[in-house]
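Colleague: Can you take me through this one? I would like to start with the side chains and then go on to the interfaces.

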Amino acid sequence: MPILETRNLTHIFPNGAAAIQDINFSVAAGEFVVLAGANGSGKTVLIRHLNGLLKPTKGHVFIEGAPIGKDIVQARKKIGLIFQDANSQIVGQTVAEDVAFGPENLNLSPAEVKRIVQEALENVGLSRYADQDPHLLSGGQQRKLAIAGILAMQPKIILFDEPFTGLDYPGVLQVLGEIMRLHKTGHTIILVTHELEKVLAHADRLVIIHEGRLVEDGLPAEVFPRAEQYGVRIPLGKIEGVESMTWLK
Amino acid sequence: MSKQSAVAPMNLRMTVYSALFTTLIIIGGVNIPIGPVPIVLADFFVMLAGLFLGPKWGLASVLLWLFLGVLGLPVFAGFKAGLAVLMGPTAGFLPGYVLMVLAVGLLAGIGKPSWARNTLALIVGNILLYPPGILWLKMLLHLNWPTVLAAYLLPFLPGTVIKIVVAVALGQTLLPRFKQAVSEASWQPANDNDEDEQ
Amino acid sequence: MAEMTFFHYFPRDSLIHRMDARLKLLCMILLSVAATLAGTVTEFAFLTFVLGGAICLARLPVVALLKDMRLFALLILLLVAANAFFVPGRPLPYLSIPGVSQEGLVMGLRFAWRLLLILMVCMVMTGATSLLTFKNVVEWYLRPVPLVPAARVATMMNLTFVLFPVIFDTYAEMRAAQKARCIETRKNIIKRVMFTVAPLLSQTLRKADEIAYAMEARCYTEERTRAVFRTKAQDWVLTAVCLVICLAVALR
């Protein structure tokens with residue numbers, strides 16, 4: 001049974017324009033999927049359906065075989081979403097309090113919340129910033145904070161929406177390293193990006209969305225040569241196969 | 001629902017917008033010079049709260065602002081302690097803000113949206129803003145009418161006119177987009193209609 | 001991020017900082033009531049001494065606080081002057097200034113002193129209590145109040161505090177961008193305000209949208225884990241002291 005599946009997922013805006021149309025795809029537990037597409041292709045709309053932030057006009061999303069509408073809180077615990085703008089995700093006045101937001105919503109006991117927060121912060125290496133103002137963190141650290149906030153919910157799947165936007169080189173390395181570690185510890189990763197060269201080498205699969213439709217779904221090495229026709233940039237210069245497409249050394 | 005229930009997305013959204021307008025009102029109270037004369041924009045954002053959020057959530061914004069002041073936080077224009085302002089000479093203007101946001105929200109919500117209707121709502125709102133404040137000042141400082149009006153009404157009138165014009169203009173440009181965004185979010189309630197999935 | 005200090009919390013490790021914030025708020029209310037009821041010079045002086053002591057006990061930066069009060073001082077001066085001139089009464093006993101009455105001056109000074117005391121109360125409270133604690137205390141007090149959605153008020157307070165630096169920065173950025181494009185040369189003040197406010201508003205509304213989504217994604221509810229407060233013996237002692245002061249002034 002796939003851990004995540006969509007069937008005929010369609011979303012039509014009130015003005016009649018289709019954001020996504022008949023998206024069928026499934027993800028197996030432990031997979032690392034890269035979802036690519038040009039701006040406006042419908043990537044963000046698609047992933048906002050995966051945890052029920054948007055409601056499909058037609059079609060369904062299943063997590064571990066159950067439709068997500070059945071128990072939306074459970075679904076959102078299982079699938080954590082890291083938004084593109086890490087800054088707008090901050091809802092706490094301190095780093096620790098921000099991470100606590102999720103577990104507090106689950107109405108866990110204060111002691112339990114404290115333990116989970118400490119664990120999550122340790123996990124991403126932000127423990128010593130626990131009492132700091134989150135807005136004073138660097139871009140990479142803010143992204144890590146967002147990850148900690150999601151980890152505190154103990155999800156199985158983690159969705160990243162354009163995790164590298166606006167990050168400098170060290171920031172990208174920090175975040176990419178973190179993503180790899182999460183994958184190694186058994187999380188299923190779905191990563192939305194148009195910057196294939198930073199991450200594709202680590203992916204098990206490459207899915208391309210174009211004008212609201214799923215147009216390619218396969219092994220990265222097979223799919224990526226065709227990516228450019230859908231508006232996804234392939235790095236210039238010498239490409240030594242998909243293996244070279246990472247910023248990690 | 002047996003398990004934890006999520007908050008209706010529409011309510012959450014309006015809660016966030018409402019808090020945001022409180023923030024804007026507080027920031028509007030920080031004197032920021034646009035041009036030679038410093039302009040306080042708190043009243044301007046109160047007008048916008050009524051126009052954009054309607055009477056209920058607009059009122060929530062203003063009440064939260066006043067409440068933070070009651071707690072002693074420095075949220076009122078130019079002053080460093082809220083509670084002291086609540087007892088000071090300009091305190092009378094604060095209930096005026098409540099009247100204003102209610103009037104603007106209610107009047108702007110009646111009938112078909114138009115700039116004329118918004119203008120009317122804003123003018124009525126501003127007319128309601130001044131009387132309590134001026135009465136309070138008159139009593140506290142033992143001034144006569146001409147002095148009070150010359151010192152506390154006339155200097156603010158040109159600014160008020162400008163603010164109304166800008167608010168109406170924003171009502172024409174931004175408000176339709178805002179309303180659409182809000183209705184889109186409510187058009188697709190993410191977890192309101194869980195039942196239909198079962 | 002200069003405005004980070006806007007709310008004037010000074011993190012320290014003092015008796016007042018450590019105090020159970022629920023009782024701290026209660027003490028501040030009691031002292032505010034006392035300041036409002038105070039009438040004689042002895043009472044005013046005594047309360048000033050108590051609050052001055054509290055400011056020192058909380059190790060708040062006195063010089064910085066005084067600087068903040070400049071604008072307030074101007075207001076107080078105006079108030080005293082207005083009362084002195086416009087309240088009818090006998091002329092001053094030693095040096096007579098035309099138009100100034102003794103009753104008026106006393107009335108103005110008394111009002112001004114009272115405001116100063118309230119200001120000091122606020123300084124102690126906001127200086128020694130983090131905004132996070134503030135939010136938790138407010139939620140705790142509001143919970144039993146009927147018709148008030150305590151959790152929602154707390155969430156809104158929290159968002160206001162979180163959004164403040166973000167929006168302020170957006171505002172500053174926006175102003176700099178307009179300046180770079182020579183907005184200063186515009187004669188039309190309406191256009192000038194418009195060009196500053198319109199982008200600010202649309203940006204912040206977009207941000208609010210994102211935050212709402214992010215909160216929803218993290219399972220936002222209004223039945224959340226509640227903050228825990230710990231009350232120590234010395235907190236009760238301080239509260240008792242404040243209660244005695246308040247009663248002493250009230251029952252004079």
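Colleague: Glu178(A): buried or exposed?

Modeller: Glu178(A) is buried, at a relative accessible area of 5%. Keep in mind that this is a predicted model.

Colleague: Which residue does Glu178(A) form a salt bridge with?

Modeller: The partner is Arg181(A), and the closest N and O atoms are 2.6 Å apart. Both residues belong to helix α6 of chain A, which covers residues 169-184. They are three residues apart there, about one turn of the helix.

Colleague: And how accessible is Arg181(A)?

Modeller: Arg181(A) has 33% relative accessibility, so it counts as partly exposed. Glu178(A), at 5%, is buried.

Colleague: Which residues are joined into one network by salt bridges that share partners?

Modeller: Glu31(A), Arg205(A) and Asp217(A) are joined that way.

Colleague: How many salt bridges are there over all chains?

Modeller: The search of the whole structure gives 23. One of them pairs Glu97(A) with Lys135(C), with 3.7 Å between the closest N and O atoms. That pair crosses between chains: Glu97(A) is in helix α3 of chain A (residues 95-105), and Lys135(C) is in helix α7 of chain C (residues 131-142).

Colleague: Are those two buried or exposed?

Modeller: Glu97(A) and Lys135(C) are both buried.

Colleague: What does Glu104(A) pair with?

Modeller: Glu104(A) forms a salt bridge with Arg224(C), the closest N and O atoms being 3.2 Å apart. Glu104(A) sits in helix α3 of chain A, while Arg224(C) sits in the loop between α9 (189-217) and α10 (233-250) of chain C, so this pair joins two chains. Glu104(A) and Arg224(C) are buried as well.

Colleague: OK, the A/C interface as a whole. How many salt bridges and polar contacts are counted there?

Modeller: Between chain A and chain C the count is five salt bridges. There are also 14 residue pairs in polar contact, with both residues at pLDDT 80 or more.

Colleague: Which elements of chain A give two or more residues to that side?

Modeller: They are α2 (72-78), α3, α4 (110-124) and α5 (139-151) of chain A. The largest share comes from α3(A), with eight residues. By class, the side of chain A that touches chain C has 16 nonpolar, 12 polar and eight charged residues.

Colleague: What area is buried between A and C?

Modeller: About 2800 Å² is buried between chain A and chain C, and carbon and sulfur atoms give 56% of that. The contact involves 36 residues of chain A and 27 residues of chain C.

Colleague: Now B and C. What does that contact take from each chain?

Modeller: It takes 66 residues from chain B and 63 from chain C. Chain B and chain C bury about 6000 Å² between them, with 81% of it on carbon and sulfur atoms.

Colleague: How many salt bridges are in that one?

Modeller: The count between chain B and chain C is one. Arg13(B) and Asp209(C) form a salt bridge, with the closest N and O atoms 2.7 Å apart. Two residue pairs are in polar contact between chain B and chain C, both residues at pLDDT 80 or more.

Colleague: Which elements of chain B touch chain C with two or more residues?

Modeller: On chain B these are α1 (9-29), β1 (32-33), α2 (42-70), α3 (82-87), α5 (115-141) and α7 (157-187). α1(B) gives the largest share, 16 residues. By class, that side of chain B has 50 nonpolar, 14 polar and two charged residues.

Colleague: What domains does chain C have?

Modeller: The domain assignment gives domain 1 (15-130 + 230-250) and domain 2 (150-217) of chain C. Their centres, taken over C-alpha atoms, are 36 Å apart.

Colleague: Last topic, backbone. What is phi of Glu64(A)?

Modeller: Phi of Glu64(A) is near 50 degrees, which is positive in a residue other than glycine. Glu64(A) is in the loop between β4 (58-63) and β5 (66-67) of chain A. At 27% relative accessibility, Glu64(A) is partly exposed.

Colleague: And Glu211(A), where is that?

Modeller: Glu211(A) is in the loop between β9 (205-210) and β10 (213-218) of chain A. Its phi is near 45 degrees, again a positive value in a residue other than glycine. Glu211(A) counts as exposed, at 63% relative accessibility.

Notes. Residues are numbered from 1 along each chain as its sequence is written. Chains are lettered from A and ligands numbered from 1 in the order in which they are written. This is a predicted model: local features need pLDDT of at least 70, side-chain atom pairs count only at pLDDT 80 or more; totals for chains, interfaces and linings use all residues. Side-chain values use heavy atoms; hydrogens and water are left out. Domain bounds come from an automatic or database domain assignment. Contact means heavy atoms within 4.5 Å. Buried area is the accessible area (1.4 Å probe) that two parts lose on being put together, summed over both. A salt bridge is a side-chain nitrogen of Lys or Arg within 4 Å of a carboxyl oxygen of Asp or Glu. A polar contact is a pair of N or O atoms within 3.5 Å; within protein, one must be able to donate a hydrogen and the other to accept it, and residues adjacent in sequence count only if both atoms are side-chain atoms. Helices (H or I, at least four residues) and strands (E, at least two) are DSSP runs, numbered from the N terminus. Ala, Val, Leu, Ile, Met, Phe, Trp, Tyr, Cys and Pro count as nonpolar, Asp, Glu, Lys and Arg as charged, and the others, Gly among them, as polar. Buried means under 20% relative accessible area, exposed over 50%, partly exposed in between (1.4 Å probe, protein chains only).
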